[in-house]
Amino acid sequence: MNQMKLIRKKIQSLLLLAFLFLVQTTNIVAQELPHQYLYVSKQTGQTSNFRGQQGKTTDKYEEGNVAINVVGPITNQVTPNDMSIGHNQTKNWQGQVSPIIAQCPAPGNSVNAKLVATYDVVFSRPQGGAADGAAILSTYNCATEADGVAHEHSNCIFHGTFGGTHEIVKKQGTVTQDFEVFSINCVIPAAMNCSDGTATLHADVYPGNEGTVTWQTPFGAMVGNNIELNLPPNFNNINVTATYTVRGVSYAANGVIRPNNLTGFALPCCASQQKNVKDIAVLTFDGPCHPLVSFAPAVVSPPAIGFTGATSLINVAASANAVALTSSIITINENITLSATPIAIDFTKIGTLLKEAAEVVSHAPGSPCAPSFTATGGLTVTASKKCCLGPCALKDVDKIDGSVAVQAGVSCRFPIYGIPYVASLDALLEASVNVTGTLNRRTTCDDPKICADLGATISFGLGIGASLAGGLITADLKGVVEGASASVSYCFIPPPVTGEWKANLGKIKVVGTVTTLETFKYSVEYTLFDGYEFGPFPL
Amino acid sequence: MLYNRIVSFLTKYIIAVLLPLAAVAQAKVPPYEFKPVEIKFSAGFTGLMNDPTHKNGSDLVYKYNGQLFDKTDGELPSKADGFDGTTKRSTPWETLGELINAYREKNFDKILSLYNLTTQDQLIALLAGDKKEKFLNHVSKITKAKILAGFEYKEGILVIYESKELGISSCYMLKKKKKYVLASFNDDGPEAWNLSLYFKFKPEPIAVPLIQTPIDSFGSTETKRIDFKLNKANNFITVCGDKLGQAVLYNIKDNSEYDLNPEPGVVGIDFNKTKSAMPKEYTLYIAETNYPLTMVSEPILKAAKGFTFKVYKK
């Protein structure tokens, strides 16, 4: 086993790859080693190199020889140049691989290259090794070779005191090392980006996988790519140099930071809060390098409460590198109320509709249904201005404030015919509706409407006369109403005010007992109807 | 002279012989002839209790051993008919005949005697104080009473009768020692109630009234009068939508206080009285019945006629 390692190390040394290889040599016939990068600068003639060194002492069984072939624009050098080793010998090698600049591609390109090492080695190992293609030349018992000389197999480390069979084998194969040779490059774009008086120093470098960029500017040297350089106000052209360096190989480029001219200045049509003009200004330039722009005034504010009206027109100047442009903006105080108007709503219609619902329940239109009605509270609409964005617009907005409470009731007396022993029976329907609402709503830029549901509750009660035939036919009856609901909604803005009323009534049953003159007593339960939907009706 | 003698003889003969014979003939109570009978009517009118056991489609069908009377029979004799108020009480009709006669005569003891003992105690308690007098004043209004039907019902006989003065009534009888006696009865089922309602209204087939004043359209803030010509005076007109189970819009009896047209056989209804109709096209259904309707049912929709009008915004 140790002999195998020896052979492997020997090969790696010859290939300058001693630190990269851990696989057992006995298993290798053709092997590729990890890829390596080399760099050249066509501008400076600099190259990077790949170096290595390794030593080896063989035992009395080991010997070998290696031959190296090169493919691509690289060269290799091994010292000593003899890549063979004999029995019981110690040797140390040093090697280097270098690109051949003349054969390398233009800056910004790369080319592949490789070394191929062919080895031919002999060594000893315990019998029964892996089927790796090695040829067995001979065998021996390791116990018989005790000669008092210290070497790897003295006392037969593998088999112990009584020894065992070892074999002498011969093995041949190749090991390949791949390279990629980069011809490095560095380019500064013709137009450099600047924003708000700060330039971004950026160079396009090749290959960019490693290395650094160093900038030379009138304001000092800086290291890094995409770094920011604060420019002075009103600056002219500024020369800069970028040098890309990777593994000691450099490529330099010159560039110019050229300030562009301010060509456009615009502000939103309005603002409802204090704003830094810088944050809301829309600026255009005739190129990508934007110098620092100053604004006068630098801040715009809405008018204070008490200002005449709610808006103020502010003119603003923008200056950059001797170019001055102007724009304007309207500032708005949205809390300034321009007008306040009470909203007139005819809530009495709710009472009218309740009466109609009661009449439907009683199936007696024109019956003397007695209504009651009260309405309290009120709603006010206030007008103000609002700054809307996207698209920018100064809009009139309205706000509804206030509360309302409406109570309507109706009482209807009507006949029920469904009792066998009397022509008809008086029933008393009492219905009421309560509508309440508190509003504090404002129109928005996107929704110029204010519509709201007011809370509405409705109730129906049905009483049935119990005195029949002068009290001689007894009727203990009542009406049962199974659920009732109502909804009232209004749209206040835009005018005119429109409303809608809907109500639902559940099943109404007549339940109780009726006893005839001749004491025939009935348990009564019958349905007047399963339900009814009122409306929707406009209010 | 001879002529006068002949006239005198005939007058005496008629008074002495024929009139008593006629009175005796009319004093007979209707014969008691129970046999299997069937009563079938639409289950659609107001007041009917839910009776799934006897429901067949949209009809209620009741089958009993009993007796039905038509318009020409079932009348109980009165004193004017020569009925002296006493019978063997061997049929329900005889017992009922005695009861009606006792009503007319305000004979409370006789009335009590027609009930079983338990019910007698109930009646005495029920009609304590001035109620007894009120009761007798009320029931003595009966001039003529007519049996409508009788059925074997539970353990006794259910009898339904009517009078012009008091309308429909029902009573219950038990047979005790070959005599029928009246008894109180607590009925927790729908049958007797529904049968009583049937005999109250005697429902006729649903008819379609004529729209006397047709309308095509009217404004949402206008009230529109429509007059409906009935096929038969005093009937009900029903106006409804098409949702089953929902309340009908109008159910108005001809000549009632809610009929806006005083002409007999014509019912007037104001549409959109609140002047708040939603502008759209409406289709409503009309039907004419001799009984009240409060709920939309399949028989109504099947028989009713639709009419359409448009409400435009105004």
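Predicted model: local features only at pLDDT ≥ 70, side-chain atom pairs only at ≥ 80, totals over all residues.
**Chain A on its own.** Select chain A and colour by secondary structure. You will find 3 helices and 36 strands. Next, colour by burial. Of the 539 residues in chain A, 36% are buried. Now turn to the contacts in chain A with a separation of 6 or more: residues 24 or more positions apart account for 70% of them.

**Helix H3 of chain A.** Select residues 348-362 of chain A, which form H3(A). The helix has 15 residues. From first C-alpha to last, H3(A) reaches 21 Å, close to the 21 Å expected at 1.5 Å a residue. Is H3(A) mostly covered or mostly uncovered? Mostly covered: 12 of its 15 residues are buried. Show their side chains. Among them are A:Leu353, A:Leu354 and A:Val361, but also the residues A:Lys355, A:Glu356 and A:Glu359.

**The contact with chain B.** Bring chain B into view. The contact takes 42 residues from chain A and 46 residues from chain B. On the chain A side, H3, strand S35 (520-529) and strand S36 (532-538) each supply at least two residues. Which element gives the largest share? S35(A) does, with 10 residues. Colour this side of chain A by class: 24 residues are nonpolar, 12 polar and 6 charged.

**Strand to strand.** Finish by selecting A:Tyr522. Opposite A:Tyr522 stands B:Asp187, in S8(B).

Definitions and conventions: Residues numbered from 1 in each chain as written. Chains lettered and ligands numbered in written order. Contact = placed C-beta atoms within 7 Å. Helix = DSSP H or I, 4+ residues; strand = E, 2+ residues; numbered from the N terminus. Nonpolar A, V, L, I, M, F, W, Y, C, P; charged D, E, K, R; others polar. Pairing = 2+ DSSP bridges. Buried ≥ 20, exposed ≤ 12 C-beta atoms within 10 Å, placed from the backbone. Expected span 1.5 Å × (residues − 1).
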